[in-house]
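Thanks for coming, everyone. I'd like to walk through one structure today. Please have a look at it before I start.

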Amino acid sequence: MALNVAYPKNSSVKDQVSPVEWEARVDLAAAYRYVASKDWDGGLFNHLSLRVPNEPNCFLMKPHDLLFEEVTASSLIKIDLNGERMGFAQNINPAGYTIHSAVLAARSDVNAVCHVHTVIGEAISARKGGLRCLTQGSMKFYNRIGYHDFEGIAEEPGECERLANDLGSHMSMILRNHGVLTCGTRMSQSVFDLADLLGAAEAQLRIEATGAEINEVPPEICEKAAQQFARSTQAGTTWKALLRHLDRIDSSYRN
């Protein structure tokens, strides 16, 4: 049975969980608020998740009925990876559970997952050729992105294996005719890769819309840039800066 933890009403969630879980909750709540600030939330139906530290078979996700801008560290729901698919009665988006449990169960190296279907994400997902490496930001994904064919709304448990296989060893994936997905060992990696993927997609679609001749980058330079991105250690510093920015706007995500 999937795990939906209810904490005592007279005790705060922070008092009931380990310090490392609370830190994870704050990071995930911050990610939800950041995505909302970028208008990538899509109402209720996009979703982010984070594996619970020291509990590899559990992950955190927002309650289905909360807007991204309403998410706090305490409001996040803990879910068992080995549980049965949960429906709306348990306040978990079933498609969200299918997608996130598929990735986290298949990839022990992944702890964070972001999945959104923004207009830009949907547009690139419907383009037959997918993402092209036309700009510096897109080079991060050179030969490092998977593709998963659309099978309908992702509510069927049988899709989990196919989704995980299509992701393979990559940290990013385009779900065709649907949207985009990014993974990370930490929340910061998944969130910033999401920003870069959507930015690369938007730049590509704008470039292609001009109809002008496009300057193609040689494959060896694309690979060089991808390796340079992989060696970058800036995500942690940038994440701290992002948290300071969110705190200045509204620090209630920490509650």
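How do the residues of the lining of the largest cavity divide into nonpolar, polar and charged? Three are nonpolar, three are polar and four are charged. Before I go on, please note that this is a predicted model.

Let's stay with that cavity. The space inside the largest cavity is about 40 Å³.

Leu 44, Asn 46, His 47, Met 61, Lys 62, His 64 and Asn 93 line the second largest cavity. By class, that lining has two nonpolar residues, four polar and one charged.

Now the largest pocket. Its volume is about 540 Å³. There are 20 residues in the lining of the largest pocket. Closest to the pocket's centre are Lys 140, Gln 189, Asp 193, Phe 229 and Ala 230. Which helix gives the largest share? Helix 6 does, with five residues. As for classes, the pocket lining holds seven nonpolar, eight polar and five charged residues.

Next topic: helix packing. Two packed helices are described by the angle between their axes and the distance between the axes. Keep those two values in mind for each pair.

Helix 2 covers residues 19-37, and helix 6 covers residues 187-210. Their axes lie 10 Å apart, at an angle of about 15°. Angles under 35 degrees count as roughly parallel. Helix 2 and helix 6 are therefore roughly parallel to each other. The crossing of helix 2 past helix 6 is right-handed. Who makes the contact? From helix 2 come Asp 27, Leu 28, Ala 31, Tyr 34 and Val 35. From helix 6 come Met 187, Val 191, Leu 194 and Ala 195. Eight residues of this contact are nonpolar, none is polar and one is charged.

On to helix 2 and helix 8. Here the axes come within 11 Å and cross at roughly 70°. That makes helix 2 roughly perpendicular to helix 8. Is this crossing left-handed or right-handed? The crossing of helix 2 and helix 8 is left-handed. Helix 2 brings Asp 27, Ala 30, Ala 31, Arg 33 and Tyr 34 to the contact. Helix 8 brings Trp 239, Leu 242, Leu 243 and Leu 246. Seven of the residues in the contact of helix 2 with helix 8 are nonpolar, none is polar and two are charged.

On the helix 6 side, the contact uses Met 187, Ser 188, Val 191 and Phe 192. They meet Ala 235, Thr 238, Trp 239 and Leu 242 of helix 8. This contact has six nonpolar residues, two polar and no charged ones.

A quick recap. Helix 2 runs roughly parallel to helix 6.

Notes. Residues are numbered from 1 along each chain as its sequence is written. This is a predicted model: local features need pLDDT of at least 70, side-chain atom pairs count only at pLDDT 80 or more; totals for chains, interfaces and linings use all residues. Side-chain values use heavy atoms; hydrogens and water are left out. Axes are lines fitted to C-alpha atoms, for helices over the stretch in contact, and angles run from 0 to 180 degrees between N-to-C directions. Helices (H or I, at least four residues) and strands (E, at least two) are DSSP runs, numbered from the N terminus. Angles under 35 degrees count as roughly parallel, over 145 as roughly antiparallel, 65 to 115 as roughly perpendicular and the rest as oblique. A crossing is left-handed if the near helix is turned anticlockwise from the far one by less than a right angle, and right-handed if clockwise. Contact means heavy atoms within 4.5 Å. Ala, Val, Leu, Ile, Met, Phe, Trp, Tyr, Cys and Pro count as nonpolar, Asp, Glu, Lys and Arg as charged, and the others, Gly among them, as polar. On a 1 Å grid over the protein atoms alone, a cavity is a set of points where a 1.4 Å probe fits but cannot get out, and a pocket is an open set with protein on both sides within 12 Å along at least five of seven lines; lining residues have an atom within 4 Å of a point. Grid points are joined across faces, edges and corners, and a volume is the space filled by probe spheres set on the points.
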